[in-house]
Protein chains: 2
Amino acid sequence: MPKLGAEPIRRAALVKATIEMVGDSGSLDVTVAQIARRAGMSSALAHHYFGSKEQIFLAAMRSILSIYAAEVRGALAAAEGHRGRLRAIVRASFGPGSFRREAVGAWLNFYVLAQTSLEARRLLAVYQGRLHSNLMHDLRPLVGPRAAGVARGVGALIDGVYIRAALTPGNADRRSAAVLVLEYLEREMEGR
Amino acid sequence: MPKLGAEPIRRAALVKATIEMVGDSGSLDVTVAQIARRAGMSSALAHHYFGSKEQIFLAAMRSILSIYAAEVRGALAAAEGHRGRLRAIVRASFGPGSFRREAVGAWLNFYVLAQTSLEARRLLAVYQGRLHSNLMHDLRPLVGPRAAGVARGVGALIDGVYIRAALTPGNADRRSAAVLVLEYLEREMEGR
DNA sequence: TTTTGTTGATTGACGAGTCAATAAACTTGC
DNA sequence: GCAAGTTTATTGACTCGTCAATCAACAAAA
(Lines give C-alpha, C1' and ligand atoms only; values in the text may rest on other atoms or scores of the structure.)
Protein backbone atom coordinates (compact mmCIF):
# COMPACT_ATOMS: atom_id res chain seq x y z
CA MET A 1 0.00 0.00 0.00
CA PRO A 2 2.20 2.75 -1.21
CA LYS A 3 1.81 5.89 0.76
CA LEU A 4 3.69 8.53 -1.14
CA GLY A 5 6.68 10.27 0.36
CA ALA A 6 7.83 7.02 1.91
CA GLU A 7 11.43 7.38 0.85
CA PRO A 8 12.78 9.58 3.64
CA ILE A 9 10.89 7.61 6.27
CA ARG A 10 12.19 4.33 4.91
CA ARG A 11 15.73 5.61 4.71
CA ALA A 12 15.61 6.90 8.26
CA ALA A 13 14.13 3.65 9.50
CA LEU A 14 16.89 1.69 7.80
CA VAL A 15 19.60 3.89 9.24
CA LYS A 16 18.15 3.58 12.71
CA ALA A 17 17.80 -0.17 12.38
CA THR A 18 21.36 -0.45 11.13
CA ILE A 19 22.80 1.40 14.10
CA GLU A 20 20.75 -0.67 16.49
CA MET A 21 21.70 -3.96 14.90
CA VAL A 22 25.37 -3.18 14.55
CA GLY A 23 25.40 -1.83 18.07
CA ASP A 24 23.84 -4.71 19.81
CA SER A 25 25.06 -7.53 17.66
CA GLY A 26 28.44 -5.92 18.19
CA SER A 27 29.58 -6.65 14.68
CA LEU A 28 29.33 -5.55 11.09
CA ASP A 29 28.24 -9.04 10.17
CA VAL A 30 24.65 -8.06 9.93
CA THR A 31 22.71 -9.04 6.87
CA VAL A 32 20.70 -6.61 4.84
CA ALA A 33 17.73 -8.86 5.40
CA GLN A 34 18.04 -8.54 9.18
CA ILE A 35 18.32 -4.78 9.00
CA ALA A 36 15.38 -4.56 6.65
CA ARG A 37 13.24 -6.82 8.76
CA ARG A 38 13.99 -4.75 11.84
CA ALA A 39 13.01 -1.65 9.91
CA GLY A 40 9.79 -3.33 8.87
CA MET A 41 10.36 -3.95 5.19
CA SER A 42 11.80 -6.43 2.73
CA SER A 43 15.47 -6.62 1.92
CA ALA A 44 14.68 -5.77 -1.67
CA LEU A 45 13.35 -2.42 -0.58
CA ALA A 46 16.51 -1.67 1.33
CA HIS A 47 18.49 -2.30 -1.81
CA HIS A 48 16.03 -0.24 -3.78
CA TYR A 49 16.72 2.79 -1.63
CA PHE A 50 20.40 2.42 -0.89
CA GLY A 51 21.78 0.42 -3.75
CA SER A 52 24.23 -1.55 -1.68
CA LYS A 53 25.02 -2.68 1.78
CA GLU A 54 28.04 -0.42 2.03
CA GLN A 55 25.88 2.61 1.27
CA ILE A 56 23.59 1.62 4.12
CA PHE A 57 26.54 1.47 6.51
CA LEU A 58 27.89 4.79 5.32
CA ALA A 59 24.52 6.42 5.77
CA ALA A 60 24.39 5.05 9.30
CA MET A 61 27.85 6.39 9.99
CA ARG A 62 26.95 9.79 8.61
CA SER A 63 23.93 9.81 10.86
CA ILE A 64 25.97 9.03 13.97
CA LEU A 65 28.49 11.67 13.06
CA SER A 66 25.89 14.32 12.43
CA ILE A 67 24.09 13.59 15.68
CA TYR A 68 27.40 14.05 17.45
CA ALA A 69 28.18 17.24 15.55
CA ALA A 70 24.80 18.64 16.48
CA GLU A 71 25.36 17.91 20.16
CA VAL A 72 28.71 19.65 20.05
CA ARG A 73 27.26 22.69 18.30
CA GLY A 74 24.45 22.86 20.81
CA ALA A 75 26.73 22.62 23.81
CA LEU A 76 29.13 25.13 22.32
CA ALA A 77 26.41 27.68 21.73
CA ALA A 78 25.53 27.68 25.41
CA ALA A 79 29.10 27.87 26.66
CA GLU A 80 31.05 30.87 27.89
CA GLY A 81 34.78 31.46 27.73
CA HIS A 82 37.54 29.18 26.52
CA ARG A 83 37.43 26.93 29.54
CA GLY A 84 33.68 26.66 29.35
CA ARG A 85 33.77 25.83 25.67
CA LEU A 86 36.34 23.11 26.16
CA ARG A 87 34.25 21.59 28.89
CA ALA A 88 31.23 21.77 26.62
CA ILE A 89 33.00 19.88 23.86
CA VAL A 90 34.02 17.11 26.20
CA ARG A 91 30.59 16.86 27.78
CA ALA A 92 28.94 16.76 24.38
CA SER A 93 31.22 13.89 23.40
CA PHE A 94 29.63 11.90 26.15
CA GLY A 95 26.16 13.24 25.63
CA PRO A 96 23.19 10.91 25.84
CA GLY A 97 22.81 10.90 22.06
CA SER A 98 26.17 9.34 21.31
CA PHE A 99 26.92 7.44 24.49
CA ARG A 100 24.22 4.81 24.51
CA ARG A 101 25.75 1.37 24.44
CA GLU A 102 24.52 0.55 20.95
CA ALA A 103 25.81 3.80 19.54
CA VAL A 104 29.21 3.26 21.10
CA GLY A 105 29.29 -0.29 19.80
CA ALA A 106 28.32 0.90 16.36
CA TRP A 107 30.96 3.58 16.47
CA LEU A 108 33.63 1.07 17.35
CA ASN A 109 32.58 -1.09 14.43
CA PHE A 110 32.65 1.84 12.10
CA TYR A 111 36.22 2.48 13.19
CA VAL A 112 36.94 -0.94 11.86
CA LEU A 113 35.05 -0.25 8.66
CA ALA A 114 37.25 2.79 8.20
CA GLN A 115 40.24 0.53 7.74
CA THR A 116 38.59 -1.03 4.72
CA SER A 117 36.39 1.61 3.16
CA LEU A 118 37.83 4.77 1.72
CA GLU A 119 34.61 6.70 2.15
CA ALA A 120 34.32 5.64 5.78
CA ARG A 121 37.87 6.76 6.41
CA ARG A 122 37.06 10.10 4.86
CA LEU A 123 34.07 10.51 7.18
CA LEU A 124 36.15 9.67 10.19
CA ALA A 125 38.82 12.13 9.16
CA VAL A 126 36.16 14.80 9.04
CA TYR A 127 35.09 13.94 12.58
CA GLN A 128 38.63 13.89 13.91
CA GLY A 129 39.55 17.08 12.10
CA ARG A 130 36.52 18.90 13.43
CA LEU A 131 37.17 17.79 16.97
CA HIS A 132 40.80 18.76 16.69
CA SER A 133 40.13 22.21 15.35
CA ASN A 134 37.39 22.82 17.88
CA LEU A 135 39.79 21.96 20.65
CA MET A 136 42.62 23.99 19.18
CA HIS A 137 40.47 27.06 18.93
CA ASP A 138 40.04 27.28 22.67
CA LEU A 139 43.24 25.58 23.69
CA ARG A 140 45.63 27.91 21.93
CA PRO A 141 44.76 30.93 24.05
CA LEU A 142 45.13 28.86 27.19
CA VAL A 143 48.20 26.73 26.66
CA GLY A 144 49.87 28.30 23.63
CA PRO A 145 52.26 26.08 21.76
CA ARG A 146 51.28 23.03 23.76
CA ALA A 147 47.78 23.17 22.28
CA ALA A 148 48.41 20.63 19.54
CA GLY A 149 49.75 18.05 21.95
CA VAL A 150 46.92 18.51 24.39
CA ALA A 151 44.33 18.32 21.64
CA ARG A 152 45.86 15.08 20.49
CA GLY A 153 45.74 13.74 24.01
CA VAL A 154 42.14 14.69 24.57
CA GLY A 155 41.14 13.12 21.26
CA ALA A 156 42.90 9.88 22.06
CA LEU A 157 41.48 9.81 25.57
CA ILE A 158 37.94 10.25 24.30
CA ASP A 159 38.41 7.40 21.85
CA GLY A 160 39.92 5.24 24.56
CA VAL A 161 37.08 5.84 26.96
CA TYR A 162 34.72 4.96 24.15
CA ILE A 163 36.34 1.61 23.57
CA ARG A 164 36.15 0.78 27.22
CA ALA A 165 32.49 1.73 27.26
CA ALA A 166 31.81 -0.56 24.32
CA LEU A 167 33.54 -3.45 26.01
CA THR A 168 32.32 -3.00 29.54
CA PRO A 169 29.22 -5.04 30.05
CA GLY A 170 26.33 -3.21 31.57
CA ASN A 171 25.33 0.31 30.80
CA ALA A 172 28.22 2.65 30.29
CA ASP A 173 28.56 5.47 32.77
CA ARG A 174 28.83 8.70 30.90
CA ARG A 175 29.13 10.90 33.94
CA SER A 176 32.38 9.33 35.06
CA ALA A 177 33.64 9.10 31.49
CA ALA A 178 33.27 12.82 31.06
CA VAL A 179 34.83 13.55 34.43
CA LEU A 180 37.88 11.51 33.57
CA VAL A 181 38.52 13.51 30.42
CA LEU A 182 37.72 16.81 32.07
CA GLU A 183 40.25 16.19 34.81
CA TYR A 184 42.86 15.45 32.21
CA LEU A 185 42.08 18.75 30.55
CA GLU A 186 42.15 20.64 33.84
CA ARG A 187 45.54 19.26 34.75
CA GLU A 188 46.94 20.09 31.34
CA MET A 189 45.76 23.65 31.71
CA GLU A 190 47.11 24.18 35.22
CA GLY A 191 50.58 22.81 34.74
CA ARG A 192 53.52 24.37 32.92
CA MET B 1 55.89 -35.70 2.91
CA PRO B 2 54.90 -35.70 6.52
CA LYS B 3 57.73 -34.60 8.71
CA LEU B 4 56.64 -35.51 12.18
CA GLY B 5 56.21 -32.83 14.78
CA ALA B 6 54.61 -30.50 12.29
CA GLU B 7 51.77 -29.52 14.56
CA PRO B 8 53.42 -26.76 16.56
CA ILE B 9 55.02 -25.29 13.45
CA ARG B 10 51.75 -25.33 11.56
CA ARG B 11 49.85 -23.81 14.45
CA ALA B 12 52.39 -21.03 14.81
CA ALA B 13 52.34 -20.35 11.08
CA LEU B 14 48.57 -20.12 11.11
CA VAL B 15 48.55 -17.75 14.06
CA LYS B 16 51.14 -15.54 12.43
CA ALA B 17 49.28 -15.53 9.13
CA THR B 18 46.03 -14.71 10.91
CA ILE B 19 47.49 -11.69 12.65
CA GLU B 20 49.03 -10.46 9.43
CA MET B 21 45.87 -10.92 7.41
CA VAL B 22 43.55 -9.40 9.97
CA GLY B 23 45.98 -6.57 10.48
CA ASP B 24 46.45 -5.55 6.94
CA SER B 25 43.08 -6.41 5.52
CA GLY B 26 41.80 -4.40 8.47
CA SER B 27 38.89 -6.71 9.08
CA LEU B 28 37.84 -10.02 10.56
CA ASP B 29 36.32 -10.95 7.23
CA VAL B 30 39.21 -13.12 6.30
CA THR B 31 38.51 -16.58 5.06
CA VAL B 32 40.12 -19.64 6.52
CA ALA B 33 41.29 -20.46 3.02
CA GLN B 34 43.15 -17.15 2.74
CA ILE B 35 44.82 -17.59 6.10
CA ALA B 36 45.77 -21.13 5.28
CA ARG B 37 47.17 -20.19 1.90
CA ARG B 38 49.26 -17.44 3.47
CA ALA B 39 50.56 -19.94 5.97
CA GLY B 40 51.40 -22.30 3.13
CA MET B 41 48.87 -25.06 3.60
CA SER B 42 45.38 -26.12 2.66
CA SER B 43 42.30 -24.87 4.46
CA ALA B 44 41.49 -28.41 5.45
CA LEU B 45 44.69 -28.58 7.44
CA ALA B 46 43.84 -25.38 9.27
CA HIS B 47 40.56 -26.94 10.29
CA HIS B 48 42.32 -30.14 11.21
CA TYR B 49 44.50 -28.32 13.72
CA PHE B 50 42.13 -25.71 15.07
CA GLY B 51 38.67 -27.11 14.57
CA SER B 52 37.03 -23.83 13.75
CA LYS B 53 37.66 -20.36 12.54
CA GLU B 54 36.89 -18.87 15.93
CA GLN B 55 39.53 -21.03 17.55
CA ILE B 56 42.06 -19.71 15.05
CA PHE B 57 41.14 -16.16 15.95
CA LEU B 58 41.33 -16.86 19.65
CA ALA B 59 44.73 -18.44 19.28
CA ALA B 60 45.90 -15.35 17.42
CA MET B 61 44.55 -13.14 20.15
CA ARG B 62 46.22 -15.21 22.84
CA SER B 63 49.46 -14.88 20.95
CA ILE B 64 49.20 -11.10 20.75
CA LEU B 65 48.38 -10.89 24.42
CA SER B 66 51.22 -13.09 25.46
CA ILE B 67 53.73 -11.18 23.39
CA TYR B 68 52.55 -8.03 25.09
CA ALA B 69 52.72 -9.62 28.53
CA ALA B 70 56.26 -10.74 27.87
CA GLU B 71 57.31 -7.25 26.87
CA VAL B 72 55.83 -5.83 30.03
CA ARG B 73 57.54 -8.42 32.18
CA GLY B 74 60.83 -7.75 30.48
CA ALA B 75 60.60 -3.99 30.89
CA LEU B 76 59.51 -4.33 34.47
CA ALA B 77 62.42 -6.55 35.39
CA ALA B 78 64.87 -3.88 34.28
CA ALA B 79 63.11 -0.99 36.00
CA GLU B 80 63.93 0.71 39.29
CA GLY B 81 61.55 2.41 41.68
CA HIS B 82 57.84 3.07 41.34
CA ARG B 83 58.25 5.84 38.80
CA GLY B 84 60.64 3.79 36.74
CA ARG B 85 58.31 0.82 36.77
CA LEU B 86 55.36 2.89 35.64
CA ARG B 87 57.37 4.29 32.82
CA ALA B 88 58.44 0.81 31.87
CA ILE B 89 54.87 -0.39 31.65
CA VAL B 90 53.90 2.44 29.37
CA ARG B 91 56.93 2.05 27.17
CA ALA B 92 56.33 -1.65 26.88
CA SER B 93 52.78 -0.98 25.78
CA PHE B 94 54.21 0.78 22.79
CA GLY B 95 57.09 -1.56 22.30
CA PRO B 96 58.05 -2.66 18.81
CA GLY B 97 56.43 -6.05 19.30
CA SER B 98 52.92 -4.77 19.86
CA PHE B 99 53.08 -1.52 17.89
CA ARG B 100 53.61 -2.71 14.37
CA ARG B 101 50.78 -1.54 12.17
CA GLU B 102 49.41 -5.02 11.55
CA ALA B 103 49.43 -5.89 15.22
CA VAL B 104 47.61 -2.70 16.13
CA GLY B 105 45.06 -3.31 13.40
CA ALA B 106 44.57 -6.86 14.57
CA TRP B 107 44.16 -5.68 18.14
CA LEU B 108 41.46 -3.25 17.12
CA ASN B 109 39.62 -6.02 15.32
CA PHE B 110 39.89 -8.30 18.29
CA TYR B 111 38.29 -5.59 20.38
CA VAL B 112 35.36 -5.93 18.06
CA LEU B 113 35.43 -9.70 18.33
CA ALA B 114 35.24 -9.30 22.09
CA GLN B 115 31.77 -7.86 21.74
CA THR B 116 30.59 -11.09 20.17
CA SER B 117 32.69 -13.85 21.61
CA LEU B 118 32.61 -14.70 25.27
CA GLU B 119 36.04 -16.27 25.19
CA ALA B 120 37.52 -13.22 23.49
CA ARG B 121 35.97 -10.98 26.12
CA ARG B 122 37.49 -13.14 28.81
CA LEU B 123 40.93 -12.80 27.24
CA LEU B 124 40.57 -9.06 27.00
CA ALA B 125 39.47 -8.86 30.61
CA VAL B 126 42.63 -10.67 31.57
CA TYR B 127 44.71 -8.13 29.67
CA GLN B 128 42.90 -5.18 31.17
CA GLY B 129 43.00 -6.62 34.64
CA ARG B 130 46.70 -7.30 34.44
CA LEU B 131 47.44 -3.82 33.19
CA HIS B 132 45.27 -2.32 35.87
CA SER B 133 46.85 -4.21 38.70
CA ASN B 134 50.36 -3.56 37.41
CA LEU B 135 49.62 0.13 37.38
CA MET B 136 47.96 0.09 40.77
CA HIS B 137 50.92 -1.61 42.36
CA ASP B 138 53.20 1.33 41.65
CA LEU B 139 50.61 4.04 41.62
CA ARG B 140 49.26 3.50 45.11
CA PRO B 141 52.48 4.48 46.87
CA LEU B 142 52.68 7.60 44.72
CA VAL B 143 49.17 8.98 44.53
CA GLY B 144 47.34 7.07 47.23
CA PRO B 145 43.58 6.99 46.91
CA ARG B 146 43.68 8.53 43.46
CA ALA B 147 45.46 5.45 42.10
CA ALA B 148 42.36 3.78 40.74
CA GLY B 149 41.27 6.82 38.77
CA VAL B 150 44.71 7.39 37.33
CA ALA B 151 45.05 3.75 36.36
CA ARG B 152 41.74 3.94 34.59
CA GLY B 153 42.88 7.03 32.72
CA VAL B 154 46.17 5.54 31.67
CA GLY B 155 44.44 2.41 30.43
CA ALA B 156 41.93 4.38 28.39
CA LEU B 157 44.62 6.63 27.02
CA ILE B 158 46.70 3.70 25.87
CA ASP B 159 43.72 2.18 24.12
CA GLY B 160 42.86 5.50 22.52
CA VAL B 161 46.34 6.07 21.20
CA TYR B 162 46.17 2.57 19.78
CA ILE B 163 43.02 3.27 17.84
CA ARG B 164 44.51 6.40 16.40
CA ALA B 165 47.57 4.48 15.39
CA ALA B 166 45.46 1.88 13.64
CA LEU B 167 43.51 4.50 11.76
CA THR B 168 46.28 6.88 10.90
CA PRO B 169 47.63 6.01 7.51
CA GLY B 170 51.37 5.71 7.30
CA ASN B 171 53.65 4.21 9.87
CA ALA B 172 52.54 4.80 13.42
CA ASP B 173 54.95 6.68 15.60
CA ARG B 174 55.49 4.84 18.82
CA ARG B 175 57.93 7.29 20.28
CA SER B 176 55.41 10.11 20.41
CA ALA B 177 52.64 7.76 21.48
CA ALA B 178 54.61 6.73 24.53
CA VAL B 179 55.59 10.31 25.30
CA LEU B 180 51.98 11.40 25.26
CA VAL B 181 50.99 8.81 27.83
CA LEU B 182 54.09 9.39 29.93
CA GLU B 183 53.37 13.09 30.17
CA TYR B 184 49.88 12.31 31.30
CA LEU B 185 51.30 10.11 34.02
CA GLU B 186 53.84 12.70 35.05
CA ARG B 187 51.21 15.37 35.41
CA GLU B 188 48.97 13.10 37.43
CA MET B 189 51.82 12.37 39.81
CA GLU B 190 52.84 15.98 40.30
CA GLY B 191 49.42 17.49 40.83
CA ARG B 192 47.17 17.36 43.88
C1' DT C 1 -0.61 5.49 -17.74
C1' DT C 2 3.32 6.88 -15.57
C1' DT C 3 5.52 7.20 -11.37
C1' DT C 4 6.39 5.47 -6.74
C1' DG C 5 6.33 1.79 -3.43
C1' DT C 6 6.74 -2.93 -2.44
C1' DT C 7 7.70 -7.84 -2.35
C1' DG C 8 8.54 -13.06 -3.25
C1' DA C 9 11.38 -15.61 -5.81
C1' DT C 10 15.67 -16.34 -7.82
C1' DT C 11 20.49 -16.12 -9.00
C1' DG C 12 25.19 -16.54 -8.46
C1' DA C 13 28.97 -16.45 -5.57
C1' DC C 14 31.39 -17.62 -1.74
C1' DG C 15 32.76 -19.81 2.49
C1' DA C 16 32.99 -23.00 6.74
C1' DG C 17 33.42 -27.36 7.79
C1' DT C 18 33.57 -32.55 6.43
C1' DC C 19 35.30 -36.62 4.22
C1' DA C 20 37.67 -40.05 1.91
C1' DA C 21 41.97 -40.99 0.30
C1' DT C 22 47.07 -40.90 0.05
C1' DA C 23 51.52 -41.19 1.96
C1' DA C 24 55.38 -40.83 4.99
C1' DA C 25 57.07 -41.86 9.49
C1' DC C 26 57.06 -44.42 13.75
C1' DT C 27 56.07 -48.91 16.54
C1' DT C 28 55.71 -53.62 17.64
C1' DG C 29 56.12 -58.34 17.75
C1' DC C 30 58.78 -61.63 15.94
C1' DG D 1 66.07 -56.50 10.42
C1' DC D 2 61.53 -56.40 8.91
C1' DA D 3 56.45 -57.05 7.76
C1' DA D 4 52.15 -55.52 9.53
C1' DG D 5 49.73 -52.24 11.69
C1' DT D 6 49.21 -47.52 13.68
C1' DT D 7 49.60 -42.77 14.01
C1' DT D 8 50.42 -38.20 11.94
C1' DA D 9 50.33 -35.07 7.98
C1' DT D 10 48.06 -33.54 4.12
C1' DT D 11 44.90 -32.44 0.42
C1' DG D 12 41.12 -32.15 -3.38
C1' DA D 13 36.56 -32.49 -3.78
C1' DC D 14 32.23 -31.90 -1.85
C1' DT D 15 28.13 -30.38 1.05
C1' DC D 16 25.28 -27.24 2.88
C1' DG D 17 24.16 -22.95 4.10
C1' DT D 18 24.08 -18.01 3.61
C1' DC D 19 23.79 -13.67 1.56
C1' DA D 20 24.03 -9.56 -1.59
C1' DA D 21 21.93 -8.19 -5.39
C1' DT D 22 18.45 -8.54 -9.22
C1' DC D 23 14.03 -9.13 -11.38
C1' DA D 24 9.42 -9.57 -12.60
C1' DA D 25 5.28 -8.48 -11.03
C1' DC D 26 1.69 -6.23 -8.50
C1' DA D 27 -0.59 -2.11 -6.05
C1' DA D 28 -1.81 2.40 -5.36
C1' DA D 29 -1.20 7.56 -6.34
C1' DA D 30 -0.89 11.21 -9.33
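A: A crossing of two helices is called left-handed if the near helix is turned anticlockwise from the far one by less than a right angle, and right-handed if the turn is clockwise. In this predicted model, α6(B) passes α8(B) in a left-handed crossing. The contact is made on one side by Arg101(B), Val104(B), Gly105(B), Leu108(B) and Tyr111(B) of α6(B), and on the other by Asp159(B), Tyr162(B), Ile163(B), Ala165(B) and Ala166(B) of α8(B). Sorted by class, this contact of α6(B) with α8(B) has seven nonpolar, one polar and two charged residues. As for the geometry, helix α6 of chain B covers residues 101–116 and helix α8 of chain B covers residues 147–167; they pack at an angle of about 115°, with their axes 9 Å apart.

The structure holds three cavities of 30 Å³ or more. In the largest cavity there is about 50 Å³ of space. Its lining consists of Tyr68(B), Ser93(B), Trp107(B), Tyr111(B), Tyr127(B), Ile158(B), Asp159(B) and Tyr162(B). Both α6 and α8 of chain B supply at least two residues each to the lining of the largest cavity, and α8(B) gives the most, with three residues. By class, the lining of this cavity has six nonpolar, one polar and one charged residues. Tyr111(B), Asp159(B) and Tyr162(B) take part in the helix contact and also line the largest cavity.

The pockets involve both chains. The second largest pocket has about 350 Å³ of space and is lined by 19 residues, of which Arg152(A), Val161(B), Arg164(B), Ala165(B) and Thr168(B) lie nearest its centre. Ala165(B) also belongs to the contact of α8(B) with α6(B). At least two residues of the lining of the second largest pocket come from each of α7 (118–143) and α8 (147–167) of chain A, and from each of α8 and α9 (174–190) of chain B. The lining has ten nonpolar, six polar and three charged residues.

The largest pocket holds about 520 Å³ of space. Among its 23 lining residues, Ser27(A), Asp29(A), Ser27(B), Leu28(B) and Asp29(B) lie nearest the centre. Helices α4 (53–77) and α6 (101–116) of chain A, along with α4 (53–77) and α6 of chain B, each supply at least two residues of the lining of the largest pocket. That lining divides into eight nonpolar, nine polar and six charged residues.

Notes: Residues are numbered from 1 along each chain as its sequence is written. Chains are lettered from A and ligands numbered from 1 in the order in which they are written. This is a predicted model: local features need pLDDT of at least 70, side-chain atom pairs count only at pLDDT 80 or more; totals for chains, interfaces and linings use all residues. Side-chain values use heavy atoms; hydrogens and water are left out. Axes are lines fitted to C-alpha atoms, for helices over the stretch in contact, and angles run from 0 to 180 degrees between N-to-C directions. Helices (H or I, at least four residues) and strands (E, at least two) are DSSP runs, numbered from the N terminus. Contact means heavy atoms within 4.5 Å. Ala, Val, Leu, Ile, Met, Phe, Trp, Tyr, Cys and Pro count as nonpolar, Asp, Glu, Lys and Arg as charged, and the others, Gly among them, as polar. On a 1 Å grid over the protein atoms alone, a cavity is a set of points where a 1.4 Å probe fits but cannot get out, and a pocket is an open set with protein on both sides within 12 Å along at least five of seven lines; lining residues have an atom within 4 Å of a point. Grid points are joined across faces, edges and corners, and a volume is the space filled by probe spheres set on the points.
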